[in-house]
Every structure is written in C-alpha cells, then in structure tokens.
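Hi everyone, thanks for coming. Let me put the structure up, and then I'll walk you through a helix pair and a sheet.

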Amino acid sequence: MNAKMNTVCFRLLLIFVCSFSVGSLFAQKQTNERAKWFVDSRFGMFIHWGLYSGAEGIWKGEKLRYDNDYAEWIFYRNQIDREEYVTLLDRFDWDSIDPEQWVLLAKKAGMKYITLTAKHHDGFALWDSQIGNYDLGDLTSPKRDIVKELAEACQKHGVKLGLYYSHWVDWEHPNGWNHEREIAGMSNEEYDVYWQGKVVPQMRELLTNYGEISMIWFDMWINHSEAIVSKKQLLQLKSLIRALQPNCLVNSRLGLSIEEDRDIDYKTLGDNQLGDKKENFPWQSPATVAHSWGFHAMEEQWKSTTTLLHSLINNVSLNGNFMLNIGPRANGDVPYEIAQRLEEMGSWLAVNGDAIYGSGAFDLDKNQHDWGKITCKTTADGTTKLYLHVFNWPLNKQLQVTGITEAPQKAYLLADKQQAALPFDFGEVLTTISLPQMQPDSYVSVVVLEYDNYPEIVEGLVAENVYGGYSLTPENHVWAEGSQELVQPQKYGSVPQHLAIEQTSRYRWRVFVDKPTTVNADVSYSFQGKKAGGTFVVRCLNGERVETSIDPTGQTVGEPRSDWHIDRYKSKRVGQLSFSKAGYYDIELEVNPAKGAPVDFQWLWLQ
C-alpha cells in the first residue's frame, strides 16, 4: 500500500472511530436503579471486627499459623476450641467501644458507605441474634448489639450501611461448611440443616430489625458449582433479600456471577485485586491499608497514602469502586497508621472529590498515558469534564493528552477555586497543557479539561511519553501478522515480558507527531544464537525503511550470587526515521529470524 492510499484508509478509520465514540457518553449501561448510588459513591469503608480482634493474631503466645497472616482466621488456623475462643470477649473494653467513631472516621475519609462483618467465618454474630446463643446479645452484660449501634450512627451521619455475612463458611455450626469437611465429607442434606436453621433466619433478622440495609456483602470466593452450596439455596437467599429490602444490593460473592445472574448488582474482585479493564457494570475491589483484615499486633505491611489514592483513582478510571478496610482493636480503636491514611485521603477528596464521586471511565485506553489516569463526568446536556490525575508531574511542565479530536473549552487545576485558565495548545489529536511550576497536591494533582459535549477520540494511538519518546510494545500494537505468543515475565521480572518469534512476523503501531522531526529507532530483544541470524526491519509507512541484523545478546546474571543466569535483553539501534510534517504515521516492525534461530522481542522505542 503506498503512502497516499494508507492516508486515505486511515482517515476513513478515523471517521468510523469518531462516529462510534459520539454516543459513548459516560454511563455504566448495565447498572440497575438499585445500584446507581453505589456507582456514584465510588469509595467505602470495610470493617473487620469480631472475636478475632481480641486475639490480635496471636493465640497462647503462638502467631497465626499461616503466612498470609489474616488475623480473622485464627480460630480455624490455630485450631482453637469454641469455648476458649469466646473467652476473648473478656479482652474487649466495652466502655470504650463506640461504633459512631468508625462512622465519623469514614466521613473524614470521604467514604460514602460502610460494610461491617456482622458474621464472619467464625460464625459469631455481632448482634443480638435469636438464632442460637453464639452472639453478642447472649454473651455480653449489659447486652451489646454492634449492628444496631452502627446502623443508628450511619443513619445519624448520612452514611449508607452494608453488612458482611459469611453464608457459605461457618466454623462454629456443626452443619456449617468447615474446610476440614474436605476430609470427612458432608451431605447436601446435612448442610441444608445449617442453611435453613441459621443462614436464612439470621438474614431475616438483619433485614428486618435494623432499618435500611444498602448492601449485603457475601464472601464466597468461588462459584456455587465448586461448593456445597446449591444454586437453589443461593436463589432462596437472594429472594429473601429482594422481598424484605428491595433496594438492598447483592454482590457476586453470593456465589452467582454477574454473567450467570443479571440480578446480581455488582461484581466483587479478589482481595486487594485492582481493576485492569473498563467494565460497564458496577464492580468493586475490597482492599486493606495493611495486610491483615482483622487487627494483627505484628502487622508491618502498611500501604502509603499515595498507593491507596492511586488504587482508588485506577478503579474509578475503569468504572469501579474501592472499599478500604479498617481492623479496629478490641477497644474499638483504629490503628494510627490506618486512621492517618484515611484522614489524608479525606483531605485529598475534599479538594478533588469531583474527579471521583459520580465520575467514571473515559474511552481512551487505560495505559494511554504514562503520567497518570483519566476519569470523566458528563452532565445530562452532554457537557463533559475530563479529570487528568497526574501521578508524575512532568519536569518540563508540559502535560500531553493524545487521542482526543477536539480542543477543550478550558483547562484548569481542580484545586484552584478560581479556576484560572491554564494555557494549552491543540493540534488534531494532541492537547498540550502548560502546567505551573509547583504541583498543587503532594499526592496526586488533578487537571480539568472542559468540553461542551462528550469529546470524540481516535483509538489505537501510542501516546508520546513525558520524556518525548514512543514505547511500541506487544500490548499496544494495532495490527500483527505472525507470532503473537506473549510470554509473561519470569524470574521475578528479571526476564521481561516478550514475544517469542520463530518465523517472520510483523507488528504495526500508530503514532501522531505534532511537528517535523527525526527519531532514532531502537529495538530491545534477546537472541541466543552463536552468530548473527536474521534481521529487524523498521518501516514508516510513508516509505522510509531501516534495517539491522539480529546479533547474539548472550546471557547475564539475573541475581548476583544466586546461580541465576538468564537470557540477556539488550537494545540495539536500528536506524533513524524522519517525519516530514505533523500527522499520523504507521510504524511497522518486521522480525525475520533465521531458520531454527528464534528471537524474543520486547519493545521498539522511537525518540
């Protein structure tokens, strides 16, 4: 295809992409009426608190018997007798325990909802349950009902209340699922005794006696097809919730996936698993500030405020929620490290909350820009704000946004109450914003771009990075022919992600340059042949072409003094390409291995 024909084809593609994007206003189209508040809220508090809080991850001088250090699992991990386990209540300082303080902390943190572990896997109920005698009401004097106290505090302060209920696992009930049943076995009939005798009536109590419950958070991390729980039982439980609290949300850890049952309100990812792709249904990451969910006296793994903010922003940029856990002590105190980080997040949200609450994903690829993430908010009349969360404040004070086909009406810092305009230049699909010398926020600064309508985009462009280069990788190409086996990193990342190529293969990327320029083309690869074999050819589809041989790269030591020898990945200059004018350019890499001499391709760099 000649350069003129290529330009025509690309313009047709541009028209198609832009036309498609016009109707793609911010909306999670698979969101039901019940879940709209959840989608707008974006940030919530998880509270792991129960009998295990009194153990603090240690039983009779012995640390929790499992390296994941989830302190709330100590009853099971350390094989504690039930009657001894309840003596942990003697360590609780009931004069100090005030759930309203947890609600006030959530408010300070900018959290919109709270989810309490009303019954965790240990089977102990934090309310005055009439089902059995394994609950606070039966074992405290005077009686305490933490669910009731928290519900009243949430209502007082305008925070939505959710309740965690472990329905699948119950280590206390003789017919509940205890993982030791994997040895002894259990019949469906035996399990149903637990289900009908404890799960259903306790759920009825929670849904009847505590006012509005905004969500029930279940914790079966596998599908029902892999567990003793039947789909019929799960539907029974969901039907009970729908009958008693029609607006209450149900998460996918009920044991029914969103794909299997469209009546599931939102998807719950794995513990501390962040989103990696845009979804049009509601979803959430449950996460910890430290590592353990329940309080652990030996905790040392504290995430920074920056890390937590990045996690929240990442999820919102992909249409997700972030529920962050606190693990109070047996006197109700929240560890200082957790409270400090939550208050710092709240201070950031007090300034930048518009970029989070009611905001969601924009259409550009999640990895389009190396400076940070984009969230988006569109009003009913189509007016749109893009929030540029700048994780890496550019040293040259120039912030580039690649892929939007129109200029914004205005650019300003979200932290600036006066909304003083930031200068910017626009050219075809590149918006370059001039930033002030000092970033307004130590954690994450937010630049706002305002548009009269939802801006159109061009998909598939590789954006120029903050230092002026283009990183062309196996993950951001727009077209490929030949080998596409992507090998994931190995040896703790010392062997990088790469394509294993055994036959002639071609890969194509698209870039936009805003002015005439000449760039160097460097390729990173590994080749273990004894002598040069094959070629790398880089073409700019305006006619330019450069070529170099595939030379041996040999091996290196991945980890010193560890007998850790790995294939070496090195970068080699292929040549130079000239862009005679501003515009779009398709870049193609052709890898021609010699027969029987495979080569591993990592990246192509233009600068």
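So, helices α6 and α8 are oblique to each other, a word we use when the angle is not under 35 degrees (roughly parallel), over 145 (roughly antiparallel) or 65 to 115 (roughly perpendicular). Their axes come within 8 Å and cross at roughly 40°; an axis is a line fitted to C-alpha atoms, for helices over the stretch in contact, with angles from 0 to 180 degrees between N-to-C directions. α6 covers residues 99–109 and α8 covers 146–157, where helices are DSSP runs of H or I, at least four residues, and strands are runs of E, at least two, numbered from the N terminus.

Who makes the contact, meaning heavy atoms within 4.5 Å? On α6 that's P99, E100, W102, V103, L104 and K107, and on α8 it's I146, E149, L150, A153, C154, K156 and H157.

A quick word on ground rules: this is a predicted model, with local features needing pLDDT of at least 70 and side-chain atom pairs pLDDT 80 or more, while totals for chains, interfaces and linings use all residues. Residues count from 1 along each chain as its sequence is written, and side-chain values use heavy atoms, without hydrogens and water.

Now the sheet: open, eight strands, parallel pairing, in the order β7-β6-β5-β4-β1-β10-β9-β8. Pairing takes at least two DSSP bridges between strands. β7 (249–250) and β8 (267–268) each have a single partner strand, so one side of each lacks a neighbour in the sheet. Back to α6: this helix lies across β1, β4 and β10, at about 150° to β1.

Technical notes:
Contact = heavy atoms within 4.5 Å.
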